[in-house]
Every structure is written in C-alpha cells, then in structure tokens.
Amino acid sequence: MEEKNGIITVLQSIQEYKEKVGSDGLLELPFTAEEKYLTDAEANPVRFSIQVSRKVKDPNDDKKEVYVFEDDQLAEMPYPNASLVRSPDMKTVGIKAIKQDETPFSKEEKLALRKQLICFKNTALIVEKGILTEEAIENCTVPVVVDLEMAELIKGKSCYCNKDLTEEEVKAIIKIIKGSETIFGHADCTIKDKSIANFTLALNTTFRKYNISSCIQKITFLAQSFHESDNFNTAEEYSSNHDSSKSFYKGRGLIQMTGVQGVGSLLYNEPGPYKTYAEYVGNKEIINKPELIAQELTYAVDSAGWLWSKIKKTTTFPVLDKFTETQKSNARWKSEYFKDGLKKTLNELATVMENVDEDKYFYLQSKILNGYSIDHKLEKDPNGWSDRKSTLSKLKTWFKYDKNICNSGGIIPELSGRAPWLVIAMQEFEKYKGLREIDSPLKEKVHEYFKVSSTRSQKADETPWNYTDAWCGAFLAWCFEQTEEFKKINTAYSAQAFGWKSDKWSKGEDSVPFVGALIVFDFSHVALIAGENIDGTAYVYLGGNQGNGEKRTGYQKIILGSVPKNSASILGITKPKKYIITEEDKKFPKYDINAENSKDSSR
C-alpha cells in the first residue's frame, strides 16, 4: 500500500488467465479486493482500475506474441466484488458488480452504479487529490455491465464554457487537428518555448483575459489561429513574394499581427497595432523589437487574443463616394447580408455564429482576418477556406459541441431510466451532431434507418431508400429497434410520419406529453419530445430529417427543435401501449431552444 499526494494506491494485478479465455477471445476475470485494503466503503469506495490488452503476433517477429493496449477504465463502487467483462465485438470493457449479500440489484441500484463509472483514456488514478472532479473527467459514454445486463451510462456532462483546458486536453486537440503533438516545429520558427504545458497555460490565460469563454469562441479562436500560424508551426510570417513578409512589422503571433503601410510605400514598416499593443501590455520594447511577438510564447498567444477580442472588427460596410457603382452595390449587399454581424469583434462574431448562422459568420470572420475586398461579395473564398472549415469541424467534434448544451448551462439532462428509445436517439444525436444528411457517415446511416423500417431497404423499383427520401419515421423505427423491449413496435407504417399516429399504429396509443413521447405534426413529420424551453411554453423535440429553416435535400440533420405547446400543427402525441409512464417521465428537462422546425424546413 502506498500513499502519495493524498491517494492510497494498492496494486493487485492478475496478468493472464488463459483458462478463462474462450475460443471467441472473451474474458471474464472475477476479483475481490483484499479485506486489509478495504475501508468504509460508503465513505471511501473501492476504485477498480482495469486495463485491457489483446495478445497478437509480434509484427516484427511472427514467432513471438506481444500485448497491444486497447482500453482502460476506472470504476468506483461500494462493492468489493466485481468482474471484468467484454462485449462480443471486443469494443467495450465494463464492470460486472456482485453485491456482498448476493441479492439482486434493484433498478435504482443499477442506475446508481452506472453513474459511478468513470472513463479515462490511457490513465488510471494519475491525478492528485482534489483534481478528480466531475469537471476534470473526460466527457464520454461508458459501457457498464450489471447483473449480465449491458447498458450505457449517460451522465450529466459539462461543456468547456468558462473552464480551463488541461494540458492533456490541449495535447489531444492538437493531435486531432494536426495529426501530431508537435508545435512550432518549422525550421524558421523562433518561438523559444515549444512545450505543450506552457502553451496550455498561455491559452487559458488568454481565454480568461479576453473573455474567450464559450465553447464556440474557443473553437473558432483555435480554428482560425491554427490556420494563421501554419498549423501551429510558426508565429511569424514566412519569407515570400508578399510585401508584408519583407516588412519590419511583418505578420507575427498566432493570428499574424501586422503593421501598416507607410505613405507611398508597399511595405508595412509603420508599427500601427504593434505600438498600440506594446502600450497595452506595458512593454514598449516591442516597438523596436517586434520579433518579440514571434519569440515569446506568451506574446504570440496574448497578441492573438488582443486582436481577436479588442481590435479586429467588422465595419458597417459604408457606401463611400469614391466607390464605383459596383462597389457601392457590394457594400449595400454586405451590410444587409451580414446585418447581424456588423461592428462586431471576431470574438463576438463567434457568438453570432452560434445564435444566427454558423457558416455565414465563420465566412465573415475568416474574411476579416484575410481582408475583405470591396470588389467582392461571396465569389472569392477566404484564404485556406477549406482547411479552416475542416479544422472547425474537427474541433467541434472534439469539444462535442452543442450550442443547446452550452446555452443551458453546460449540462446534458440525465436520461437514465427514461424511455429507452429516446436514450438511443440522443446517442445518435451526439454521434452525428452537426452533420448534414449529405455528409458521411450520416449519409450512409440513413440507409440503415430505412432497413429496419416498414420500407425495408429498397423501393419498388429496387433502388435503395436514402437521405434524399424523408427519413424522420425511419429514424424513430431504428431507435426503437435498438431497445430490448420495443423491437418491431411498428412494423406496418413506421417509415411514414403519420404512421406513428394512434389510428395507424396498432401497438401505439394517444398519450399525455412526457419525455420520450412521439409528437406528430401536420406537415408530415414525427419526432420525440425531449423537454421544454426555458419558459415552459414550447416542447423541445429531437428528430431526424430536421432542418431548422433549411428545407433543401442534403441539409437535414438530427437536431433539436421546438414548437409551442398549443400549436395547431401538433396532430398527436403518442407512445407504445406497453410503456408505463412514470412521474419522472413527466418532468421536462429545460433547453434554451426556441428555433422551430416548421413545415418550411422539413421535407
């Protein structure tokens, strides 16, 4: 037994149980913590750390075998008896707990046990006392086995709004957008400190200092600075044929702070923002030694935050007398088209992206960084536009970004014990969040939804059903099919929205509203009630084939929408006949959502 940094560590390991491994490669490994290591279980629960490795042929020597790490998991529970279990597909690892008195677990005990499991990647108890908090735990869905029943834990998980990133998280972010964990590695890069630890510190300090606090603000800052710094390879503009690269005040810092052109000169040899920034941070040496911005990690990051939140802003696109008629027309068009983003900083534009139109205002944000010619409307993309969008998408995936979760305080409502088909639908929502039906892998998944619906896989002409067809009903059919108790709940008309009305659904009935109830609309759409809006006047619902204002084929998603509770568009609210509604089901989680998914945005 060893105590270090407030953590008592007891290592009980069993390396291999060959006789327990079947021909299918599955392993069940019972173990019991030794009595001398157990304390008051309620006050100090036992923590089981499990690492799973698979024995494979050594790629360098086929006569040898090596262990390849697959996954690990940390479990904390008041029961000292447990078993490690693996699912048949070898993709999930879990704990099967056994009560000391060997009595069966109640439903409440099962749910409580699932909530106690924590998922770590490549770590186990490598934390100091006080750090193991819910906020410090990586957001994830954890597989659990209790009494031979496989389930998925859905625990309240917070977003990254108003929260520092850890060094490990920054390392993971860099790896997902860059492909490696190396930063500032270009031969011409002059940054002195290239450590992830201090880069993390600089980012968090900058985020707090310049109010880059919400998930979308952090995501866009990272996406834009990643491109502007050549994928975090440099903090200084490379030598090129561009006049700015030959200038004394060339582009430096994560988003390339650049001086201004002198009168009659093409070079950026006047300090401009360099002088303003030097005065802002209280170091006028920067004016004469602008290279400090590219050498000192703190300045490289901080200057980017300063430009992001204080200096770089959109204009009102004024119409000036010196403009040509085409330029005047362009200015008027921009002023109207980007009306929600006028006179905004880059940081404020990120919020507009979240609340108004992500694609439109990410485009504007990128143009402000690049320079937006009065001769153009949308015909010329920002520099590196496809790379910027790709990085944005990767970051949204890593952050598990969902504006509704951010706007509701960063907590996903607890759904354990709720209607199981809604739990499945929420998992699909998490998995394909942000993807349009034309995007892979959602495009391919829509065909899978149809396969289990009343349409099956092919149309009468033997062509497959796919995302170009209305798939809201098929989505629900698939969600029901993934449950244990409600398979084949609607075999006749499940692909049709109206097929879920009580007069068409033989195994269904009209119902009072509850979390998980099906809601059928007169514009031929069906979804699941997930909660209500903040003031309680509208149902918030989750469904497939929804567009929130975008009706075009290819643009539908799995998203949340809302509808007034007294809307005439609601044709019916239904449920499976055999599902018993609980009082808990009638308690609606709150979502900050008022965007309606009307007949104008659903096919």
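Me: Which residues does Phe199 touch, not counting residues up to four places away in sequence?

Reply: Phe199 touches Val170, Ile174, Ile183, Phe184, Phe232, Leu254, Leu297 and Val301, where contact means heavy atoms within 4.5 Å. This is a predicted model, in which local features need pLDDT of at least 70 and side-chain atom pairs count only at pLDDT 80 or more, while totals for chains, interfaces and linings use all residues. Residues are numbered from 1 along each chain as its sequence is written, and side-chain values use heavy atoms, with hydrogens and water left out.

Me: What makes the set around Phe199, Cys215, Phe232 and Phe399 a nonpolar core?

Reply: A nonpolar core is a set of buried (under 20% relative accessible area, with a 1.4 Å probe and protein chains only) Ala, Val, Leu, Ile, Met, Phe, Trp, Tyr and Cys residues joined through side-chain atoms within 4.5 Å. The largest such core has 68 residues, and Phe199, Cys215, Phe232 and Phe399 are those with the most contacts inside it. Helix H8, residues 297-311, gives the most to this core, with 8 residues. Another core, of 53 residues, lies apart from it, with Ile424, Ala497, Leu542 and Ile570 among its members.

Me: Why is H10 called roughly antiparallel to H11?

Reply: Helix H10 (residues 346-355) packs against H11 at an angle of about 165°, with the axes 8 Å apart. Angles over 145 degrees count as roughly antiparallel, those under 35 as roughly parallel, 65 to 115 as roughly perpendicular and the rest as oblique, and therefore H10 is roughly antiparallel to H11.

Me: Why are H11 and H12 called oblique to each other?

Reply: Helix H11 (residues 358-370) and helix H12 (residues 385-399) pack at an angle of about 125°, with their axes 11 Å apart. H11 and H12 are therefore oblique to each other, and H11 passes H12 in a right-handed crossing.

Me: How do you know which classes of residue make up the contact of H10 with H11?

Reply: Leu346, Leu349, Ala350, Val352 and Met353 in H10 meet Glu358, Tyr361, Phe362, Leu364, Gln365, Ile368 and Leu369 in H11. Ala, Val, Leu, Ile, Met, Phe, Trp, Tyr, Cys and Pro count as nonpolar, Asp, Glu, Lys and Arg as charged, and the others, Gly among them, as polar, and by class this contact has 10 nonpolar, 1 polar and 1 charged residues.

How values were computed. Axes are lines fitted to C-alpha atoms, for helices over the stretch in contact, and angles run from 0 to 180 degrees between N-to-C directions. Helices (H or I, at least four residues) and strands (E, at least two) are DSSP runs, numbered from the N terminus. A crossing is left-handed if the near helix is turned anticlockwise from the far one by less than a right angle, and right-handed if clockwise. Buried means under 20% relative accessible area, exposed over 50%, partly exposed in between (1.4 Å probe, protein chains only).
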